[in-house]
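Please open the model in your viewer and keep a selection panel at hand.

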Amino acid sequence: MSANNLTDSPPTIHSESQLFLKTAGGGQSQNTFLTYRNGLAYFKTYLEETYHWTPARPIADLKPDMFQEFPTWLLKQTYQRTQRAAPKPLAESTRGLYLLAVTRFLRFLVIRKQLPRFGYTEYDRIKEELTRSTNAKAKPIAQKIPAAGVVAALVKAARQPPQLKKESPPASRRRLMLVWQRNLAIILALKSSGMRVGELVKLMRKDLDDERQGAWVTGKGRKTRFVAFDDEAWEAINVYLTVRHDEALMMQVARHPLFCRHDRGAGTESRLPLTVRTVQHLFKQLAEQADIARRFNLSPHSLRHFFANGLLEFSGNLALVQEALGHQDPRTTRRYTEIK
């Protein structure tokens, strides 16, 4: 077979898994690399036994149910430490690691657009099913303060624009763009202000202070305080509000929530506020997209810790940090930082 024919042949499980191991596995430890390789080997065997998969079959033929049925097959597999030893079932933790490897491989394929039957929503659903299929629990992450690299990766993921299909209706594309611009503004606002997520979702447009480049938030005990946004967050908020066109609605602009829903159920004649749960889910999605979910258990509250520690390191003034966070007791503020 000529080199051109090899180049023109469609991607296969073998070619894509080799590329995955070089990119995703190559930057990991040797143990992680071997786990990925073994997990994919089991997945290939499963496809061969269950679907009579051949080496030359295009990887684009993979269907969602082929991934969903893999955990059940894996549960029945055994291994032998030596040729004379009796077969033993795969350990629960081993199955969990192999399912993680296949989940990462699926994400790799979706990002590379090698699976026409999959979108990110479909991937997210299957990932949840694969995660629930094993009782193996990830090692708990004790840190409360995310490293600067983790936060930078989160922001980078939030900056990635959505993939808009030309055949999608204009209204659908507009909603996706609004959600993207809103989500970026949320991440940057929390990062630069340290406010609680419960405070963020209650903000109204009238709470913005244009002169001071910030907002007045109502915290615990119904106490009001001012939070400032950096230039990056302020610009993102204003870009988002500009493209929303609230002035076209009957209600006064000041009475609209600062961050609102843009799903189909929200309609176009009103502005419905977000919930805390929605923002928490956003962090989960972005952490997975940025591939930092295993490095840090990221949440909206993590950015409050990140802000507090950064402000204390910069100013050396615990009282200033206490005021910025809206704490009554300085002992609470100390728990937010690495400086005791």
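**Conventions.** This is a predicted model, in which local features need pLDDT of at least 70 and side-chain atom pairs count only at pLDDT 80 or more, while totals for chains, interfaces and linings use all residues. Residues are numbered from 1 along each chain as its sequence is written, and side-chain values use heavy atoms, with hydrogens and water left out.

**Whole protein.** Select everything and display the secondary structure. The protein has 15 helices and five strands; these are DSSP runs numbered from the N terminus, helices being H or I with at least four residues and strands E with at least two. Along the principal axes, the C-alpha atoms fill a box of roughly 75 × 55 × 35 Å. Of the 340 residues, 41% are buried; buried means under 20% relative accessible area, exposed over 50%, and partly exposed in between (1.4 Å probe, protein chains only). The protein exposes about 19800 Å², of which carbon and sulfur atoms supply 52%; areas come from the Shrake-Rupley method with a 1.4 Å probe, and for residues only the protein chains shown count as cover.

**Salt bridges.** The structure holds 12 salt bridges, each being a side-chain nitrogen of Lys or Arg within 4 Å of a carboxyl oxygen of Asp or Glu.

Select Arg112 and Glu16 next. Their side chains meet in a salt bridge, 2.9 Å from N to O. Arg112 lies in the loop between helix H6 (92-111) and helix H7 (120-132) and Glu16 in helix H2 (residues 13-25), so the pair ties together parts 96 residues apart in sequence. Glu16 is buried at 4% relative accessibility, whereas Arg112 is partly exposed at 35%.

Proceed to Arg104 and Asp291. The closest N and O atoms of this salt bridge are 3.7 Å apart. Arg104 belongs to helix H6 and Asp291 to the loop between helix H12 (276-289) and helix H13 (300-315), so parts 187 residues apart in sequence are tied together. Arg104 is buried, with 13% relative accessibility, and Asp291 is partly exposed, with 31%.

Now select Asp246 and Arg205, whose salt bridge has its closest N and O atoms 2.9 Å apart. The two are 41 residues apart: Asp246 is in the loop between helix H11 (231-244) and H12, and Arg205 in the loop between helix H10 (197-202) and strand S3 (208-209). Asp246 is buried, its relative accessible area being 0%.

**A helix pair.** Which angle do helix H9 (residues 170-193) and H12 make where they pack? The angle is about 95°, with the axes 11 Å apart; axes are lines fitted to C-alpha atoms, for helices over the stretch in contact, and angles run from 0 to 180 degrees between N-to-C directions. H9 is thus roughly perpendicular to H12, a label for angles of 65 to 115 degrees. Display Asn183, Ile186, Ile187 and Leu190 in H9, which meet Val279, Leu282, Phe283 and Leu286 in H12; contact means heavy atoms within 4.5 Å.

**Two loop residues.** Most residues other than glycine have a negative phi. Select Lys113, in the loop between H6 and H7, where phi is near 60°, a positive value. Lys113 is exposed, at 60% relative accessible area. Finish at Arg222, in the loop between strand S4 (214-218) and strand S5 (224-228). Phi of Arg222 is positive, near 55°, and Arg222 is exposed at 74% relative accessibility.

Terms used. Parallel < 35°, antiparallel > 145°, perpendicular 65-115°, else oblique.
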